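Subject: Structure handover

Hi,

Here is the structure for you to look over. My notes on what turned up in it follow below.

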Amino acid sequence: MKKLFFFGALLPMLCLGACGGGAKSAAVADADTLVEKDTTLLPDTMYASVEKLQWRVEVLDSTVDGTLHVLDDPYLESNSKLAFRANHLRNADFGGKVKGVPTRIVKDWVFDTDVDYTPTKLGVWGGGTGWTSQPLYVEWPDEVAKKFRNTPAAKLTPDFSQKEIVVASLCGKLHFINFELGKASREPIDMGNPVKGTPMVDPRFNGLVYAGHGVQAHGAVCQNVVDLFSHSIVYQNPGLDPKASRFWPASDSSPIYADGFVFWPSENGLIYKYDVKNGKVKKHSFLSYNRPGVHAAGVESSMCVYKNYGYFGDNHGNILCINLNNMKPVWYYDNHDDIDATIVCEEENGVPFVYTACEVDRQGDSGMCHIAKLNGLNGEVAWAVQVPCTRHNINNKHFDGGMYSTPLLGGGNCSDLIFSTLANDGVNGDGHFYAFEKRTGKVVYKTKLKHYAWSSPVGFYNEKNELFIVVGDTYGYLYLIEGKTGRIIYDERFGVNFESSPVVVGNTLVVGSRGQSVYKVHIE
């Protein structure tokens with residue numbers, strides 16, 4: 001069945017039956033253990049800020065209840081790192097650990113992806129990884145690994161391991177790497193077009209991997225679902241959707257899974273909700289929106305999730321909170337310019353707060369990076385600060401200033417800080433690593449890097465709960481930084497250009513570079 005719903009800009013609504021959340025929790029049988037599951041829904045409310053938007057929700061299958069009945073974050077239930085920045089909150093809680101005060105970064109292995117030199121309208125993409133990619137780390141459960149080994153179609157190599165790195169490459173292939181050895185653990189899967197964003201491994205360990213094309217090279221640009229047991233693409237949603245209001249098909253955004261559904265923003269301006277059950281994928285609904293008088297925007301950032309609310313920013317500076325149950329907007333905030341960095345959420349005294357920032361793109365050759373902390377329930381501004389940034393020109397190409405990297409929330413001895421890099425916040429393409437005070441947005445320090453950076457910072461904690469941070473720049477340097485002071489402890493050039501972000505496992509990290517290489521290093 002197909003049912004169409006149209007909604008316009010509305011005044012604030014009274015809470016419906018979901019207000020107050022219904023049942024506080026439910027005991028759910030999980031193996032032989034009773035686990036308390038969070039079923040407390042956030043209210044189905046719409047604030048006056050949504051009046052600034054034109055929007056509609058189309059439900060494609062009204063026979064399926066779109067309500068999230070279990071709100072727990074499924075990415076926290078294993079040691080694997082299956083999504084961009086690890087989980088629903090996108091807070092990069094990778095659990096990085098070091099001993100004492102680390103002094104250096106040491107290379108463990110280098111894995112080379114394939115390379116594709118096919119010319120496209122946007123140039124030659126080669127191989128390796130670019131922005132907004134991040135490797136994933138998977139520890140396959142015993143029964144799943146056994147099933148892979150007994151399934152010839154899975155195309156495992158002799159170096160297959162239950163601990164795998166999954167990398168989506170600009171060469172247009174998904175690569176799989178033995179985490180310990182740095183060798184191919186199964187044959188690559190040809191996706192047909194370059195993948196710039198981060199894939200997502202289904203946290204139910206059903207063998208499904210979700211990855212969106214970034215550039216057209218060999219066919220239609222799609223949102224893709226891969227089945228690792230058949231080693232094939234089993235579902236595609238073309239980005240040139242006739243229901244979309246923007247003629248740009250790419251999907252750099254990384255999808256997120258919640259209670260049987262996958263939420264996947266697209267650069268065509270639609271926010272898709274997929275029903276994924278029993279290995280079958282189908283569209284459930286989507287949200288279409290725009291500001292009156294402004295062309296529809298696309299989304300490159302990845303959706304952040306808190307309970308049944310989803311948060312994202314787009315390339316016009318729009319920030320939306322939507323109710324994932326019915327895909328309707330809850331609140332709206334204008335953050336002035338293109339937003340490609342993913343929103344990060346942290347709960348304070350039972351209230352979710354989200355952090356976001358923009359680039360200097362539509363403002364012209366110079367402008368402000370607007371950095372804001374917002375109340376995730378209603379969109380009210382906790383604070384907003386501005387940092388001047390510029391557009392930098394290299395070889396007749398321009399590179400926008402501002403925040404590209406997804407911020408890192410501080411913990412331990414840095415629990416009052418949030419960290420990120422800003423690009424072109426000085427002269428000649430400078431870049432700095434910043435620490436901001438969570439409470440006020442005040443700049444606590446900024447540390448100059450050798451070059452500007454897009455790669456997102458990651459954290460490691462020692463036995464004293466002291467935070468140390470690693471971040472890469474666009475010239476291939478990795479920096480080891482003392483979180484409390486901003487002091488650079490160590491830096492070394494490893495790759496060509498670390499646009500993409502790392503995944504952390506223990507005292508190691510894996511990160512891809514432009515060109516061809518993926519690196520595993522450890523901190524000691």
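In the hairpin of β39 and β40, five residues sit between the strands, and G486 takes a positive phi near 85°. Please keep in mind that this is a predicted model.

The two strands pair in the antiparallel sense over five bridges, with β40 covering residues 488–493. Y477 stands opposite R493 in β40.

Five bridges join β38 to β39, and the two run antiparallel. F468 has E482 in β39 as its bridge partner. β38 and β39 also form a hairpin, with four residues between them. G476 in that turn has a positive phi of about 90°.

Is β39 enclosed or open? Six of the six residues of β39 (residues 477–482) are buried, so the strand is largely enclosed by the rest of the structure. Y477, Y479 and I481 point one way. L478, L480 and E482 point the other way, and all are buried.

**Nonpolar cores**

The largest nonpolar core has 66 residues. W140, F263, I271, L287, M303 and I322 touch the most other members. Strand β19 gives the largest share of this core, five residues.

Which residues does L287 touch, leaving out those up to four places away in sequence? Its contacts include W55, V57, L270, I271, I322 and P329. R56 and G269 are also among them.

Another core lies apart from the largest one. This other core has 47 residues, among them F94, F179, Y445 and Y461.

**Aromatic pairs**

A search of the whole structure finds 23 aromatic pairs. In one of them, the rings of Y272 and F286 have centres 6.4 Å apart and planes at 65°, so the pair is edge-to-face. Y272 lies in β19 (residues 270–277) and F286 in β20 (residues 280–290), so the pair ties together parts that are 14 residues apart in sequence. Both Y272 and F286 are buried.

Now take Y434 and F436. Their ring centres are 5.4 Å apart and their planes are at 5°, so this pair is stacked. Y434 is buried, with a relative accessible area of 2%. F436 is buried too, at 3%.

There is also a cluster. Y210, Y235, W264, Y272, Y274 and F286 form one aromatic cluster.

**Charges over rings**

The charged end of K273 sits over the ring of F261, 4.6 Å from its centre. K373 lies over the face of F353, at 4.9 Å from the ring centre.

Best wishes

Note on methods. Residues numbered from 1 in each chain as written. Predicted model: local features only at pLDDT ≥ 70, side-chain atom pairs only at ≥ 80, totals over all residues. Heavy atoms only, no water. Phe/Tyr/Trp six-rings, centres within 6.5 Å; stacked < 30°, edge-to-face > 60°. Buried < 20%, exposed > 50% of the residue type's maximum accessible area, 1.4 Å probe, protein only. Lys NZ or Arg CZ within 6 Å of the ring centre and 35° of its normal. Core = buried A, V, L, I, M, F, W, Y, C linked by side-chain atoms within 4.5 Å. Contact = heavy atoms within 4.5 Å. Pairing = 2+ DSSP bridges.
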